[in-house]
Amino acid sequence: MIAAVGLDSFDTSFAGCTTHLASLITHKAVEEGLSLVDYPWLIRLNPAVPWKTRGNGAVALLFSIESRRDLEKLSELLHRAAKLYSANPSSKEAYVLLLLEEATTLRDYFTVRPRCLERLYLRAVHEALPLRLAQECIEEAGNRAIAAYGVDSRGILGALAALGAVLDDFTFELITYRKIDRWTFERRIDELSVIEYDLRTRPLTFMNYDYLEKRVLIHPHGYDPVLYGVRGEEPGILLKALDIIDAGEEYSHWILFRTNQATNAHLRRKRVSETRPYDNPVLVGYVSSVQRIPGGHVITELCDDTGCIDVAFYRETGVLKRIALRLPRGSQIEVGGQVKPHRGGITLNAEYLRVYEPGLTADKGCPTEELRYCGYYTPPLSSFHHLMLPPGRHPVGKSVTPPSTPIMSDDVYL
């Protein structure tokens, strides 16, 4: 039997981190004799929603359960760990969901899990959802679903969505964590060692260093347990970071996640009339107007045969803003990004720009054939969020197979 654990909303503005709790649960469960049937899943959800904390990530852990005692042991561990971890007064309402499936392999789990989980994930990664959808999915799962800890909060949506993740394309992330007495100290990761790692492992790794901005991209900047995280196509190439990167301090432990990061899983092709607040659409249309606004930002009106929408290219998007400012009226473009409410309407905050007709682009107008794109532009790497597809990475269909490398370090020293 597989006991699938969904975790969400344990990240807080200070110190809390859902992946950190997941790593501690994993270590403790394995220490008590349980085993995983896959790498832990780190599932990023809709980056546009206003109630997220940092990366809006949920976690799924798939354990092999051989007896009733194993199940009781896991349930007790989850409740104890979640209660202790969310004891901080600033914590959000967190959720742990335990789903029991009559499955023995990873492939079986994908086959037998309730279909509502997949439907929920595909919507939760792209749009804002009402809580009632989570409750309906719990009802569909029936007695297979056990609320091990939590209350009726938005965390239940993330926990369910993580358990229903569709991993047609996926990457991996190795996350190392800090010893607890280092959490409030500034990180001192050696920049040259990150560049060395990037040069030695590309293109199998990505988002390590922004050469344009001269900025290390592998670590957060707040007070939390994460020391650094490296992302790539294969687990083995990520493990090399432990030998190459000089982190400036000893990590407490590390863990490998299978993840939907860097896949553009949040984007869906839509028409303007179908676009709603907090969606992540890809819109294709023509430029109706372009204007510069205070603060160095650019607003472009994009229209298709169903309507028009303002597209914001903020100063931080760099080349995107410069290209948008020089687009002639009538240019055909494709824009992907996040829709936010603005002044009684909605605005699409651009993540990338594809130009379909020649115009005043960075290379002063490139030759193109009709309806073949002239240029594809992205912001500086330091402006990317977790789900955005990095330059040079192409989405590919992959088969989700059981782990072939170590999943975590042997010991945890907090």
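Student: How much space lies in the largest pocket?

Tutor: This is a predicted model. Rolling a probe the size of a water molecule over the atoms shows where empty space is left. In the largest pocket, that space is about 1200 Å³.

Student: Which of the residues that line the largest pocket are the closest to its centre?

Tutor: The lining of this pocket comprises 48 residues. By class, they divide into 21 nonpolar, 17 polar and ten charged. The closest to the centre are Gly 55, Arg 231, Phe 384, His 385 and His 386.

Student: Which residues line the largest cavity?

Tutor: A search of the whole structure finds two cavities of 30 Å³ or more, and the largest holds about 50 Å³ of space. Its lining has six nonpolar, two polar and one charged residues. The residues that line it are Asn 264, Leu 267, Glu 351, Tyr 352, Tyr 376, Thr 378, Phe 384, Met 388 and Leu 389.

Student: Are α4 and α6 roughly parallel or roughly perpendicular to each other?

Tutor: Two packed helices are described by the angle between their axes and the distance between the axes. For helix α4 (residues 115-124) and helix α6 (residues 155-163), the axes are 7 Å apart and the angle is about 115°. Angles of 65 to 115 degrees count as roughly perpendicular. The two helices, α4 and α6, are therefore roughly perpendicular.

Student: Which residues make the contact of α4 with α6, and how do they divide by class?

Tutor: α4 passes α6 in a left-handed crossing. On the α4 side, the contact is made by Leu 117, Leu 120, Tyr 121 and Ala 124, and on the α6 side by Leu 157, Leu 160, Ala 161 and Leu 163. By class, these residues are eight nonpolar, no polar and no charged.

Student: Are α4 and α5 roughly parallel or roughly antiparallel to each other?

Tutor: α4 packs against helix α5 (residues 132-141) with the axes 9 Å apart and at an angle of about 160°. An angle over 145 degrees counts as roughly antiparallel. The pair α4 and α5 is therefore roughly antiparallel.

Student: How many residues in the contact of α4 with α5 are charged?

Tutor: The crossing of α4 past α5 is left-handed. From α4, Arg 115, Cys 116, Leu 117, Arg 119, Leu 120 and Arg 123 meet Leu 133, Cys 137 and Glu 140 of α5. Five residues of this contact are nonpolar and none is polar, while the number charged is four.

Student: Which residues of α2 make the contact with α1?

Tutor: The axes of α1 and helix α2 (residues 68-85) come within 11 Å and cross at roughly 145°, in a right-handed crossing. α1 contributes His 20, Leu 21, Leu 24, Ile 25, Lys 28 and Ala 29. From α2 come Leu 77, Leu 78, Ala 81 and Tyr 85.

Student: Where is there a cis peptide bond?

Tutor: Most residues other than glycine have a negative phi, and most peptide bonds are trans. One proline here, in the loop between α7 (191-201) and β8 (205-206), is Pro 203. With omega at about 5°, the cis bond joins Arg 202 and Pro 203.

Student: What is the phi of Met 207?

Tutor: Met 207 is placed in the loop between β8 and β9 (209-210). Its phi is positive, in a residue other than glycine, and is near 60°.

Conventions:
Residues are numbered from 1 along each chain as its sequence is written. This is a predicted model: local features need pLDDT of at least 70, side-chain atom pairs count only at pLDDT 80 or more; totals for chains, interfaces and linings use all residues. Side-chain values use heavy atoms; hydrogens and water are left out. Axes are lines fitted to C-alpha atoms, for helices over the stretch in contact, and angles run from 0 to 180 degrees between N-to-C directions. Helices (H or I, at least four residues) and strands (E, at least two) are DSSP runs, numbered from the N terminus. Angles under 35 degrees count as roughly parallel, over 145 as roughly antiparallel, 65 to 115 as roughly perpendicular and the rest as oblique. A crossing is left-handed if the near helix is turned anticlockwise from the far one by less than a right angle, and right-handed if clockwise. Contact means heavy atoms within 4.5 Å. Ala, Val, Leu, Ile, Met, Phe, Trp, Tyr, Cys and Pro count as nonpolar, Asp, Glu, Lys and Arg as charged, and the others, Gly among them, as polar. On a 1 Å grid over the protein atoms alone, a cavity is a set of points where a 1.4 Å probe fits but cannot get out, and a pocket is an open set with protein on both sides within 12 Å along at least five of seven lines; lining residues have an atom within 4 Å of a point. Grid points are joined across faces, edges and corners, and a volume is the space filled by probe spheres set on the points.
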